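Here are my notes for your read-through. Please keep the structure open beside them.

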Amino acid sequence: MQQRTVSILYENPEWLPPITEALSEVGVDYTTWDLRGGSVTLDNGPSDQLFLNKVSASAHSRGNVHVPAVARSLISHLESNGNKVLNGGAALDLEMSKVRQYDALRKYGLPFPGTVACFGIDTIVDAALTIGFPLILKPNRGGKGLGVQKFDSLEALQALVDQPIQLESVDGIWLVQEYIATSQPEIVRMEFIGGSLFYAVRVNTSGGFELCPAEACQLDANICALGDNAGDMFSIIDDFSAPFVDACERMLLDYQCFTAGIEFIEDTNGQPYLYDINVNTNYNPEAEQKAQLFGARRLAELIKQSC
Ligand SMILES: Nc1ncnc2c1ncn2[C@@H]1O[C@H](COP(=O)(O)OP(=O)(O)O)[C@@H](O)[C@H]1O
Ligand SMILES: [Mg+2]
């Protein structure tokens, strides 16, 4: 039987090369489908095609605010015709909303920081009084840490809320969240591929909250803030294990996530808090080179098995 082609649904072309190169290496044919435009005929199209969805919650930060909704409709259409979409509708729903992510974490008994979801900015101050200071204010639809801010006092938060022009949450939902103080400036991102933990990477947070691992993001991000240590911003942990990995794997299966980078932070007592699920994840090339573990390659090998 002839091998199937995988079609990659995307809005950010910069994130494609690691995947397309790995697919070529393992001998899988691919096409790409740019969701920033185009059309689809709503008929009984092909029903046995394979797709990989690469649409990210951060699409709005590249001027592609409409693409997640386009992707959601297209994926529904493809799935209703019987096609297989890796990181399909259920996974995209999770990617787009931290409210849904925290509900998923809670369902699987996974710890996350105390959070109040505010619909618009009017209730942010009341929520802050419930959560206490310091706190984190972040948009529900995240991406690359954009708009994530720490507040140490009510005065500082009130000053921002009084000038709402500075506040942007693309779906109108703000999360007021307990700030987790750490003993080291770091978080850990666990990379799951095909339902299993592949590796965990330690991320140095001294440069701020914008922590996208993709090479394309490193070129224009806050890497200068780390100076000569920039190369060490991401380092893969040898033989990482944690008691909550199993529950993460079961949760990702439930939400049909083919890939995910799940971030957690440890407080000064060593208590972990999970706080971000990146279904559309990217891998840091320098860290992978050092550890000789290659996420895109693993992804391509698993896609080959599905083809
Ligand atoms: N509750 C928190 N306590 C402490 N630091 C946090 C908290 N939430 C987020 N951060 C920091 O901000 C970064 C970005 O937040 P995150 O929720 O991952 O947003 P995004 O979805 O945009 O990546 C995190 O990687 C972490 O360094
Ligand atoms: Mg994050």
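1. Overall shape. This is a predicted model. The protein has ten helices and 13 strands. Its radius of gyration is 19 Å, close to the 19 Å that the globule rule gives for 307 residues, so the protein is as compact as a globular protein of that length. Along the principal axes, the C-alpha atoms fill a box of roughly 65 × 45 × 35 Å.

2. Domains. The assignment gives domain 1 as 6-87 and domain 3 as 115-178. Domain 2 is written in two segments, 96-111 and 182-294. The centres of domain 2 and domain 3, taken over C-alpha atoms, are 23 Å apart.

3. Extent of the interface. How many residues of domain 2 are in contact with domain 3? Eleven, and they meet 18 residues of domain 3. The size of an interface is often given as the accessible area lost when the parts come together. Between domain 2 and domain 3, about 990 Å² is buried. Carbon and sulfur atoms give 62% of that area. On the domain 2 side, Met96, Lys98 and Phe209 lose the most area to domain 3. Together they account for 50% of what that side buries.

4. Which polar links join the two domains? Four residue pairs are in polar contact, both partners being at pLDDT 80 or more. Helix 4 (residues 98-107) gives the most to the domain 2 side that touches domain 3, with three residues. By class, that side of domain 2 has eight nonpolar, one polar and two charged residues.

5. Tyr255 lies in the loop between helix 8 (245-254) and strand 12 (259-266). Beyond its neighbours within four places in sequence, Tyr255 is in contact with Ala90, Ala91, Leu94, Ala104, Lys107 and Tyr108. Trp33 is 222 residues from Tyr255 in sequence, and 23 Å away in space, C-alpha to C-alpha. Gln256 is found in the loop between helix 8 and strand 12.

6. Backbone points to check. Most residues other than glycine have a negative phi, and most peptide bonds are trans. Gln256 is not a glycine, yet has a positive phi of about 55°. Phe133 and Pro134 are joined by a cis peptide bond, with omega about -5°. Pro134 sits in the loop between helix 5 (124-131) and strand 6 (135-139).

Technical notes
Residues numbered from 1 in each chain as written. Chains lettered and ligands numbered in written order. Predicted model: local features only at pLDDT ≥ 70, side-chain atom pairs only at ≥ 80, totals over all residues. Heavy atoms only, no water. Domains from an automatic or database assignment. Contact = heavy atoms within 4.5 Å. Buried area = accessible area lost by both parts, 1.4 Å probe. Polar contact = N/O pair within 3.5 Å; in protein donor to acceptor, adjacent residues only side chain to side chain. Helix = DSSP H or I, 4+ residues; strand = E, 2+ residues; numbered from the N terminus. Nonpolar A, V, L, I, M, F, W, Y, C, P; charged D, E, K, R; others polar. Rg over C-alpha atoms; globule rule 2.2 N^0.38 Å.
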